[in-house]
Amino acid sequence: MSRVATVSVPATSANLGPGFDSIGLALDIRDSITARVVESGVTVRINGNGSDSLPTDATHLIAQVILETAEDLGSPIDGLEIECTNSIPQGRGLGSSASAIIAGLVLARALTESEMTDEELLQRANVFEGHADNISACLLGGLTVAWWNEIDDVEAISLAVHRDVVAIIGVPNAELSTEKARGLLPAQLPYADAVFNASRTALLVAAMTSDPSLLLDATDDRLHQDYRRVAYPESMAIVDALRAAGIAGAISGAGPTVLALTTAEGVELASQIMRDGGFDPGQVGISATGAFVS
């Protein structure tokens, strides 16, 4: 068993409008986590985001995933020291939970010197997370498409994003839990809306990989964002303003972060719209690389 390992994991944006629970994008905002095996006990030190709110004992999500996975792999760990340097905002729709789960699994694989493949790791991650869009993007990088039959039977592919696509995020101060956001969704949808989203999701893959001029149409959604409008009215007002100006705007994951996808010509306009809406915009790179041990 290895005594120490360090992993780097990216933030992610899920859905990108229509691709609910299936499309993810890795963003170049990264957490770095080092885990060291010790004789007993679990301690977690947190620098950066979450330092004043996340647990610092065995209830921390990364610690839970490492310990449970090591046990399942037949190499139980009695004690851990974990140090997190967090840049990913917590509870803002940028995949902080998915990144913690992927970090825990990659660290467990490294510490136990397991031969677990990425495909097997993805299955385990989806059991923890239940939303394969974020976990696949965090693990694989790039633009990911995930599909599944059962929660422990998930597959994903990573695609290269067109070099002209630029991502801008506006991160508000407020947090929103994924559970609360999902509670606002209806049990049934009109057939026309389902067809609308299916066509836009297919178009989204083409826009992100081949033809960014299609981004505005490709990020339109009738499946989830309007139903959740009450949970993040300020965010949706910015999305509406972006789209009215011809910029592909969407809620990132469960929100309330706003994501704009554009090209170089649209960066200043998108940024100004976010500033006008009270959000501080930031251009962020799209990470072709997912989680890796450093």
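Is Asp 193 buried or exposed? I began there: Asp 193 has a relative accessibility of 16%, so Asp 193 counts as buried (buried is under 20% relative accessible area, exposed over 50%, partly exposed in between, with a 1.4 Å probe and protein chains only).

**Ground rules.** I am working on a predicted model, in which local features need pLDDT of at least 70 and side-chain atom pairs count only at pLDDT 80 or more, while totals for chains, interfaces and linings use all residues. Residues are numbered from 1 along each chain as its sequence is written, and side-chain values use heavy atoms, with hydrogens and water left out.

**Entry 1, salt bridges.** I stayed with Asp 193 and found a salt bridge to Arg 222, with the closest N and O atoms 3.5 Å apart (a salt bridge is a side-chain nitrogen of Lys or Arg within 4 Å of a carboxyl oxygen of Asp or Glu). Asp 193 sits in helix H6 (residues 191-209) and Arg 222 in the loop between helix H7 (215-218) and helix H8 (233-244), so the pair links parts of the chain 29 residues apart. Helices (H or I, at least four residues) and strands (E, at least two) are DSSP runs, numbered from the N terminus. Arg 222 counts as partly exposed, at 40% relative accessibility. I also noted that Asp 226, Arg 229 and Asp 240 are joined into one network by salt bridges that share partners.

The structure holds 8 salt bridges. I looked up Arg 45 and Glu 83, whose closest N and O atoms are 3.3 Å apart. Arg 45 lies in strand S3 (residues 41-48) and Glu 83 in strand S4, so this pair ties together parts that are 38 residues apart in sequence. Both ends are partly exposed: Arg 45 at 44% relative accessibility, Glu 83 at 33%. Arg 109 and Asp 118 meet in another salt bridge, 3.0 Å from N to O. Here Arg 109 is buried at 19%, whereas Asp 118 is partly exposed at 33%.

Which residues have the most contacts inside the largest nonpolar core? I listed Ile 33, Ile 62, Ile 66, Ile 82 and Ile 102, in a core of 40 residues (a nonpolar core is a set of buried Ala, Val, Leu, Ile, Met, Phe, Trp, Tyr and Cys residues joined through side-chain atoms within 4.5 Å). H2 supplies the largest share of this core, 10 residues. (contact means heavy atoms within 4.5 Å). A second, separate core has 22 residues, including Ile 23, Leu 204, Met 208 and Ala 218.

I checked how covered helix H4 (residues 132-140) is, and 8 of its 9 residues are buried. Among them are Asp 133, Asn 134, Ile 135 and Cys 138. The buried residues of H4 pack against strand S1 (4-15), S2, H2, helix H3 (118-129), strand S5 (143-150) and strand S6 (153-159). Just after H4, Gly 141 takes a positive phi of about 80°.

I then looked at Ala 156, which is in strand S6. Not counting residues up to four places away in sequence, Ala 156 touches Leu 122, Ser 136, Leu 140, Val 145, Ala 146 and Trp 147.

I noted a volume of about 290 Å³ for the second largest pocket. On a 1 Å grid over the protein atoms alone, a pocket is an open set of points where a 1.4 Å probe fits, with protein on both sides within 12 Å along at least five of seven lines, and lining residues have an atom within 4 Å of a point. Grid points are joined across faces, edges and corners, and the volume is the space filled by probe spheres set on them. The lining has 19 residues, and Leu 54, Gln 90, Ser 96, Ser 97 and Ala 100 lie nearest the centre. Strand S2 (19-38), helix H1 (61-72), strand S4 (79-86) and helix H2 (96-112) each give two or more residues to this lining. H2 gives the most, with 4 residues.

Glu 113 has phi near 55°; Glu 113 is in the loop between H2 and H3 and is exposed, at 55%. I also recorded a cis peptide bond from Gly 255 to Pro 256, with omega near 5°. Pro 256 lies in the loop between strand S8 (248-251) and strand S9 (258-262).
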